[in-house]
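Please work through the following exercises with the sequence and the model at hand. Each task is followed by a solution in steps.

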Amino acid sequence: MASSAYRNGAVRNSSNPKSSSLKSRIPPSQPFSGSAIRRNSSPSFGSAAAAGDDGVPGRVRVAVRLRPRNAEELVADADFADCVELQPELKRLKLRKNNWDSDTYEFDEVFTEFASQKRVYEVVAKPVVESVLDGYNGTVMAYGQTGTGKTFTLGKLGEEDTSDRGIMVRSMEDILANISLETDTVCVSYLQLYMETIQDLLDPLNDNISIVEDPKTGDVSLPGASLIEIKDQQSFMELLRLGEDHRVLANTKLNTESSRSHAILMIHVKRSVTEKEDVNPSDNENSHFVKPFKPLVRKSKLVLVDLAGSERVHKSGSEGHMLEEAKSINLSLSALGKCINALAENSAHVPLRDSKLTRVLRDSFGGTARTSLIVTIGPSPRHRGETTSTILFGQRAMKVENMLKIKEEFDYKSLSRRLEIQLDKLIAENERQRKAFDSEIEKINSEAQNRILEVERNFADVLEKERLKCQMEYIESVKKLEEKMIENQGKHGCNGYIHAKCSGEGPEVIISEDTTELKKQLEKEIHGRKEAEEEVNKLRSQLRQFTEAGAGGDAEILKLQTVLENEVHQKKKLEEEIIILRSQLLQLTFEADQMRQCLERGGFTNGYADLASPMSQINHSQFREPGNGKKTPVASLFEQVGLEKILSLLESDDVNVQIHAVKVVANLAAEESNQERIVEAGGLDSLLMLLRSSEDETIRRVAAGAIANLAMNEANQEVIMAQGGISLLSMTASDADDPQTLRMVAGAIANLCGNDNLQLKLRSEGGIRALLGMVRCGHPDVLSQVARGIANFAKCESRAFSQGIRSGRSVLIEDGALPWIVQNANDEAAPIRRHIELALCHLAQHEVNAKDMIRGGALWELVRISRDCSREDIRSLAHRTLNAIPAFRAELRRLRVEF
């Protein structure tokens, strides 16, 4: 291995040290056996990652790596042998005490100074990376004296020589090679723990990140840290370079580039997997139905920790600020050693809260993560004490066992996407089948129509034949009748002729009379027909005239209606503009009066006489100041225009009109005397309608403010809840980003939180969650309203507990408000701090909440409040509460805290 492989290392060319005898530590009554060695380990470090050789999965795996001698040690220790002797084939090392005595230790793996970076990664870190890909949390940590190669082992980028790549680079290569970027995500945070403050190496301005612990699960998170999504190896390398540039280093006697902080790289992996549902053995074996797969999301985290090296001040030569850094490093490493000792000895108490390092690594030792530790040592006999301490640290860590758990959740989003795809396929298939069905129906209809046409043609032909046949039969019948008539006339012709002759008249006379009579009738009919036609033509002419006259009248009526509608619309618009101008005039007059009075009180009347004179001319008798019992401009507008007219403007189509109207209503609602009239006139309904339907941010903000003013009256609070006001406020809180809008919404909900009768309904309709969700804004005014609402809710809840109306845990604790309350209990802003201190005191008054408050760190805040609160009433309330609750007294006695 080249000397550049370590930051202050060099190639070791000396021969192997002399072997020494194994010092037995077995009692005299026992025979010599393999248990004489300090610790048994598995035959293979990598294969033991899945299940421990001792049958307990999750034991911390420890490997030791020896650094080669550097240039200084080759000169200074030329006449001395190395203080350690490695036996890698047996996974042992011997630590020389002197020339004739040594101690032997056994680890999961022993790496000589010639071990390659690739082999170290594959043996130590790769099993952990594979577990992380399977859904487990994992930790790889380097521990050792300063200058022994920890940063080289973990964080070497290998830009000059790719074989020198460290565990960080190789881990990301394996992760990216085994996931699908289409369904899986990888995000990275890079931090450093410097002087007991957690700093973001990717964002140097973020230099004080807080640690948040889940009070239910105990999981530790750093929500303030930057979380960057990784798409390729190149972007990850750039992040590592950026982090290394911001890491704190110093030049000491032991190391020219000594790390003065603990570097922590967190890799968050989110993978989508499918799991087949269990099949019931009692089901029919011949069933051809396949059980569906359950989509799951596995969320795991790989933590790579490059600890700062422990050092002795007289050897490193640290002084001044570097001395303070060394103290901080040694204290945090000492706290880590105490935790590992407690875990190795199965102690009932593990001091995890002694250092931020142990809090961050809470899951790595004694938690649910698979952990590998690589301890780095140097060969120099001058540092035998530090080498011994490092080896003993690794031996104790091997006794720590973790309970490994896969962290997976049901993937609703994946299932939804899959069902949407299936639905789209079914819709497309249904459309295809429907189209084919329609085509088939059209084909059948066409065939049926063709057959119907053919049948109709055949029927027409048959009908025509029958008609011709009937006509022929009719003609034959007529001929026969005519023949019979002629025959009858021949028989009776003589008798008729004789009779006519006797009467003196012949056949010609009879025929002429009949013809004349027929002509008269015909003329009469023709004359009647002409008269009828003339009458019809006359009626038609009259009808045409009436129709033309009616059409002209309708057009005139329509024209008049259009003009009338335009006039009404113009009048309505003018009325709205008059109201707006009146409002603006009244406001300007009020401001002018205020300016004039300020000038007069300031003694500048003479200098500004010309300015005050026109203002006094504009001032009318109805625009008076409310301080002298006189009416404000808004009140004057209220009386002049009328409340109903102002409320009607809220429904205007003009956004500017709506803005002016809602501002007037909000100002009116600020006075308690107007609130009842506004609610009775339907003003609350109109405000809720604006909050529900308006897309203008100003309208929504002012409407929320008006509702907040109305919510100050207890009688209006129940009306607001009954009309779904809390649901609308909750939706507005989730959609809005403007701090002023959120402040108005938070103020309205905070007012509702002070009503004893609305506690359960507030929670069921999402009011409490909406209030807590608005802390995302971070604006002090919004946070003050949120804190006030929590204090009001806690006070009402406390009264309900004391009166026996309610029992069980606090709703605020169940909804997850306690971490935020504890985090902001000592806020710099006095209003926020005062409200939260009151909320904590009210929550602590009931024994059922004590366990959660102790676990969430609220007990310490109560102790602080009882000592340091600026208000005497809150301080005494906290003190009484600590004395009254047995759980608090017991915990304080256990911690030996006096209050």
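**Exercise 1: The pockets**

By class, 16 nonpolar, eight polar and twelve charged residues form the lining of the largest pocket. Here Ala, Val, Leu, Ile, Met, Phe, Trp, Tyr, Cys and Pro count as nonpolar, Asp, Glu, Lys and Arg as charged, and the others, Gly among them, as polar. The model is predicted: local features need pLDDT of at least 70 and side-chain atom pairs count only at pLDDT 80 or more, while totals for chains, interfaces and linings use all residues. Residues are numbered from 1 along each chain as its sequence is written, and side-chain values use heavy atoms, with hydrogens and water left out.

Task: State which element gives the largest share of the lining of the largest pocket.

Step 1. The volume of the largest pocket is about 1300 Å³. A pocket is an open set of points on a 1 Å grid over the protein atoms alone, where a 1.4 Å probe fits, with protein on both sides within 12 Å along at least five of seven lines; lining residues have an atom within 4 Å of a point. Grid points are joined across faces, edges and corners, and the volume is the space filled by probe spheres set on the points.

Step 2. Of the 36 lining residues, Glu 213, Arg 353, Arg 359, Arg 855 and Gly 857 lie nearest the centre of the largest pocket.

Step 3. Elements giving two or more residues to this lining include helix H26 (818-823) and helix H28 (850-855). Helices (H or I, at least four residues) and strands (E, at least two) are DSSP runs, numbered from the N terminus. The largest share, five residues, comes from H26.

Task: Describe the lining of the second largest pocket.

Step 1. The second largest pocket has about 1100 Å³ of volume, and 47 residues line it. Nearest its centre lie Asn 137, Asp 219, Val 220, Lys 301 and Lys 407.

Step 2. Strand E15 (293-306) is among the elements that give two or more residues, and the largest share, five residues, comes from E15.

Step 3. By class, this lining has 20 nonpolar, 15 polar and twelve charged residues.

**Exercise 2: A helix pair**

Task: Determine how H30 and H31 are oriented to each other.

Step 1. Helix H30 (residues 872-884) packs against helix H31 (residues 886-894) at about 85 degrees, and their axes are 5 Å apart. Axes are lines fitted to C-alpha atoms, for helices over the stretch in contact, and angles run from 0 to 180 degrees between N-to-C directions.

Step 2. H30 and H31 are therefore roughly perpendicular, a term for angles of 65 to 115 degrees.

Step 3. Thr 881, Leu 882, Asn 883 and Ala 884 of H30 meet Pro 886, Phe 888, Arg 889 and Leu 892 of H31; contact means heavy atoms within 4.5 Å.

Terms used. Angles under 35 degrees count as roughly parallel, over 145 as roughly antiparallel, 65 to 115 as roughly perpendicular and the rest as oblique.
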